[in-house]
Amino acid sequence: MKFNHSMVRVRDLDAALDFYVHKLGLVEVKRMENEKGRYTLVFLCAPNDIEVLGGNAPQIELTYNWDIEDYGSARNFGHLGLEVDDIYAVCDRLVKGGITLSRPPRDGRMAFVRSPDLISIELMQKGTPLPPAEPWASMPNSGAW
């Protein structure tokens, strides 16, 4: 058995791709549009996973239903976990891109953000946690994560 993908329903495909691709840094690897079913599927991977695993890399499937549907707050999904090489650099890039940190990386090990569709994303420092550093060490939580 191997992990294949997680599916997340998105309300606005452009906003979701801006978040996952341009701000988080994932890579689009496949897209399927189904006119009869009125949906678009976009599959994303972490760049390092593609380099190491190629076509076997785990994926996030963004499902965009063309008809309006209320998905609620999306808290029942839980979260996606992404390992990063430098949690401070990633959080800095996200903040500069207008993304609110729900839980800043005060401990140099873990942070949470939320996608435009309110999916919690856990960012984890690869390997040993980084030493606590400002502005992260004294930054409060913001909202739910």
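Student: How much of the chain is buried?
Tutor: Of the 145 residues in the protein chain, 37% count as buried. Buried means under 20% relative accessible area, exposed over 50%, and partly exposed in between, using a 1.4 Å probe and protein chains only.

Student: What kind of model is this, and how are residues numbered?
Tutor: This is a predicted model, where local features need pLDDT of at least 70, side-chain atom pairs count only at pLDDT 80 or more, and totals for chains, interfaces and linings use all residues. Residues are numbered from 1 along each chain as its sequence is written, and side-chain values use heavy atoms, leaving out hydrogens and water.

Student: Okay, how many helices and strands are there?
Tutor: The protein chain has 3 helices and 8 strands. Helices (H or I, at least four residues) and strands (E, at least two) are DSSP runs, numbered from the N terminus.

Student: And in what order do the elements run?
Tutor: Starting at the N terminus, the order is β-α-β-β-α-β-β-α-β-β-β.

Student: Let's zoom in on β1. Which residues are on its covered face?
Tutor: Strand β1 covers residues 5–10, and S6, V8 and V10 make up its covered face. H5, M7 and R9 are on the uncovered one.

Student: Which strand does β1 pair with?
Tutor: β1 pairs with β4 in the parallel sense, over 6 bridges. Two strands pair if DSSP finds at least two bridges between them. In this pairing, S6 stands opposite I60 in β4.

Student: What about Q59, is it buried or exposed?
Tutor: Q59 belongs to strand β4, residues 59–65. Its relative accessible area is 18%, so Q59 is buried.

Student: What does Q59 touch?
Tutor: Leaving out residues up to four places away in sequence, Q59 touches F3, N4, H5, S6, V29, F43, L44 and C45. A contact means heavy atoms within 4.5 Å.

Student: New topic: what does β5 look like?
Tutor: Strand β5 spans residues 79–84, with L80, L82 and V84 on the covered face and H79, G81 and E83 on the uncovered one. β5 pairs with strand β8 (residues 120–125) in the parallel sense over 6 bridges, and L82 stands opposite L123 in β8.

Student: Last one: how far does the whole chain stretch?
Tutor: The C-alpha trace of the protein chain spans about 50 × 35 × 30 Å along its principal axes.
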